[in-house]
Amino acid sequence: MSGRVMWSGVRAVCFDLGGTLVRPEPVATTGQVAEVLGISLEEARALMGRSAKRRLVTPQDLAHEIAADFGRPGLTGPLTEVLERARRRAEEPQLYPDVPDMLAELRARGYALYAMTNALGSSVPEQDPPAFRELLDGVFYSARTGAIKPEPEAFAAVEHAIGLRPEELLHVGDSMNADVRGAAAAGWHTAWLDRHHTTGLMPAASTLRLHSLNTLPLLLPARAATGTITSEVAG
């Protein structure tokens, strides 16, 4: 089945950020926190998923909370450095080369464009960076919605804010679990961005596998102008 048939009812496209639209750091912030604390990446992910990605917090306050939870107040300084660097990177995201033209083409074809990310509350900018304001209609941060992908509440928050049904939404992301399985369970159309040509991992038949975002506009038909989709996304 072609992408044009699968996605004929789509009105808006929502993207993951890190690894999809934005170049990630060689070691993600959660991984850096794990290194400072001397714990596994899995433990650090569980730690951040419980609270730090579900609310807004300053880098300094989050560093203090994490250090106190582990009974190691001496690590507050190193943790603050890690979290402040992450905040600065979020304020000046480095987009992949295939992103600006792809988004411009989708906009020209009549699609509303959003991003949704599981972001540490300490990394959420006060205002969306200029690149996002110019290219997207809004960004949904887990620290603002209180829900993280693949939880259904994360996708429901987008539906509620922009007033679209699941079958009118396409989610594109690089995580098989958080992005593909999460969006599919919510009833959305899905595309898996596999920039690294992963072997031994295949999406479900209903999910298209992309190696570049350059091909995405070719799979979505031009839409007739139907008015602007409004949203309640907070920048």
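**Entry 1: strand pairing**

I began with strand 1 (residues 12-15) and found that it pairs with strand 2 in the parallel sense over 4 bridges. Two strands count as paired here if DSSP finds at least two bridges between them. Helices (H or I, at least four residues) and strands (E, at least two) are DSSP runs, numbered from the N terminus. I noted V13 standing opposite L113 in strand 2.

A reminder to myself: this is a predicted model, where local features need pLDDT of at least 70, side-chain atom pairs count only at pLDDT 80 or more, and totals for chains, interfaces and linings use all residues. Residues are numbered from 1 along each chain as its sequence is written, and side-chain values use heavy atoms, with hydrogens and water left out.

Next I looked at strand 2 with strand 3 (residues 138-141), which pair in the parallel sense over 4 bridges. Here M116 stands opposite F140. The chain gets from strand 2 to strand 3 through helix 7 (residues 130-135), in a right-handed β-α-β crossover. Right-handed means that, with the strands pointing away from the viewer, the path from the first strand over the helix to the second runs clockwise.

I then traced the open sheet of 6 strands, whose order is 3-2-1-4-5-6 with parallel pairing. Strand 3 and strand 6 are at the edges with a single partner strand each, so one side of each has no neighbour in the sheet. On the other flank of my notes, strand 4 and strand 5 run parallel and are joined by 4 bridges, and V172 stands opposite A191 in strand 5.

**Entry 2: strand 2 and its cover**

I checked burial in strand 2 (residues 112-117) and found 6 of its 6 residues buried (buried is under 20% relative accessible area, exposed over 50%, partly exposed in between, with a 1.4 Å probe and protein chains only). Both faces are covered, with A112, Y114 and M116 on one side and L113, A115 and T117 on the other.

**Entry 3: nonpolar cores**

The largest nonpolar core has 33 residues, and V13, F15, L21 and L216 have the most contacts inside it. Such a core is a set of buried Ala, Val, Leu, Ile, Met, Phe, Trp, Tyr and Cys residues joined through side-chain atoms within 4.5 Å. Helix 6 gives the most to this core, with 4 residues. Apart from it I found another core of 18 residues, among them V57, A63, L79 and L120.

**Entry 4: aromatic pairs**

I searched the whole structure and got 2 aromatic pairs. Rings of Phe, Tyr and Trp (its six-membered ring) pair if their centres lie within 6.5 Å; planes under 30 degrees apart are stacked, over 60 edge-to-face and the rest tilted. Y114 and F140 make a tilted pair, 5.9 Å centre to centre with 55 degrees between the planes. Y114 is in strand 2 and F140 in strand 3, so this pair ties together parts 26 residues apart in sequence. Y114 is buried at 1% relative accessible area, and F140 is buried at 7%.

The rings of F155 and W188 have centres 5.2 Å apart and planes at 80 degrees, so I logged the pair as edge-to-face. F155 sits in helix 9 and W188 in the loop between helix 10 and strand 5, 33 residues apart. F155 is buried at 0% relative accessibility, and W188 at 5%.
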